[in-house]
Amino acid sequence: MAIRRICKYGEKILDKKTRTVVFSEIKKDLAALLTDMFETMEAVGGAGLAANQIGLDLRLAVIRIHRENEEPLSIVIINPEMVEKSGSMYEDEGCLSFPGLFAKIRRAAKVKVRALNEKGLPIEINAEGLFAKALQHEMDHLDGITFVGRLPLMSRLKLKPALMKLKGQWKKIDESKMKPM
Ligand SMILES: [Zn+2]
């Protein structure tokens, strides 16, 4: 088990559509990879993590939603496809590839998604609220779209200075981690 480095805004892999997973090819390493992904996500308090956020060109993501008085809702989506979208919500969103940045993003309120689960079996997910938001956010990642890319152009331009400042901070954090112990 290991905590992986999360790619940040500006790294090319985040802007590239990921490759469809051939389940038989990743089967052997999948359990270890998923453990790492959940661990990495939990370590920084995220609700979702796409494979390309840790530098892997795979159409695969994990989501974990913490709920009051209930077990967390954990799900693995491999090769997800959006089947239906309805309604609309407009809520604050953040992203592990943009630590410290939040923006209001327009999303569908309800979604239906088909995917394979961690066993390679087809699943159909009906989600709303936070879960629907996480699914749309992670599936966007797999298509090479970050949440900032969902903002209207004017809002994106306004965010530029804040992003540049954040980039400087992330660089310092990454460099300090690379120093020998
Ligand atoms: Zn994200």
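This is a predicted model: local features need pLDDT of at least 70, side-chain atom pairs count only at pLDDT 80 or more; totals for chains, interfaces and linings use all residues.

Q: What makes up the chain, in helices and strands?
A: The chain has 3 helices and 7 strands. From the N terminus on, their order is α-β-β-β-β-β-β-β-α-α.

Q: Why is the chain called as compact as a globular protein of its length?
A: Its radius of gyration is 16 Å, and the globule rule gives 16 Å for 181 residues. The two values are close, so the chain is as compact as a globular protein of that length. Along the principal axes, the C-alpha trace spans about 45 × 45 × 35 Å.

Q: What share of the residues in the chain is buried?
A: Buried residues are 28% of the 181. To count as buried, a residue needs 20 or more other C-beta atoms within 10 Å of its own.

Q: How do you know that residues 24 or more positions apart matter to the contact count?
A: Take the contacts with a separation of 6 or more. Residues 24 or more positions apart account for 66% of them.

Q: What makes up the largest nonpolar core, and which members touch the most others?
A: The core has 32 residues. L49, A51, A61, V62, I63, I77 and L135 touch the most other members. Two or more residues come from each of α1 (23-43), β1 (48-50), β2 (60-65), β3 (73-86), β6 (110-116) and α2 (129-142). Helix α2 gives the most, with 6 residues. In soluble globular proteins, nonpolar side chains tend to be buried together.

Q: Which residues does V62 touch, leaving out those up to four places away in sequence?
A: V62 touches L34, M37, F38, M41, G48, L49 and V76. A contact here requires C-beta atoms within 7 Å.

Q: Where does α1 bend, and what do its buried residues pack against?
A: Helix α1 bends by about 65 degrees at D29. M37, T40 and M41 are buried in this helix. The buried residues of α1 pack against β1 and β2. Just after α1, G45 has a positive phi of about 70 degrees.

Q: What makes β2 and β3 a pair?
A: They share 6 bridges, also in the antiparallel sense. The bridge partner of I63 is I75 in β3.

Q: Why is K177 called exposed?
A: K177 has 8 other C-beta atoms within 10 Å. The limit for exposed is 12 or fewer, so K177 is exposed. K177 lies in helix α3 (residues 153-178). Its C-alpha atom is separated by 26 Å from that of L58, 119 residues apart along the chain.

Q: Why is N69 called exposed?
A: N69 has 4 other C-beta atoms within 10 Å, so N69 is exposed. N69 lies in the loop between β2 and β3. Its phi is near 55 degrees, positive in a residue other than glycine.

Q: Why is N79 called partly exposed?
A: N79 has 18 other C-beta atoms within 10 Å. Exposed means 12 or fewer and buried means 20 or more, so a count in between is partly exposed. N79 is found in strand β3. Phi of N79 is near 50 degrees, a positive value in a residue other than glycine. Most residues other than glycine have a negative phi.

Key. Residues are numbered from 1 along each chain as its sequence is written. A nonpolar core is a set of buried Ala, Val, Leu, Ile, Met, Phe, Trp, Tyr and Cys residues joined through C-beta atoms within 7 Å. Helices (H or I, at least four residues) and strands (E, at least two) are DSSP runs, numbered from the N terminus. Two residues are in contact if their C-beta atoms, placed from the backbone, lie within 7 Å. The bend at a residue is the angle between axes fitted to the seven residues ending there and the seven starting there. Two strands pair if DSSP finds at least two bridges between them. The radius of gyration is taken over C-alpha atoms; the globule rule is 2.2 Å times the number of residues to the power 0.38.
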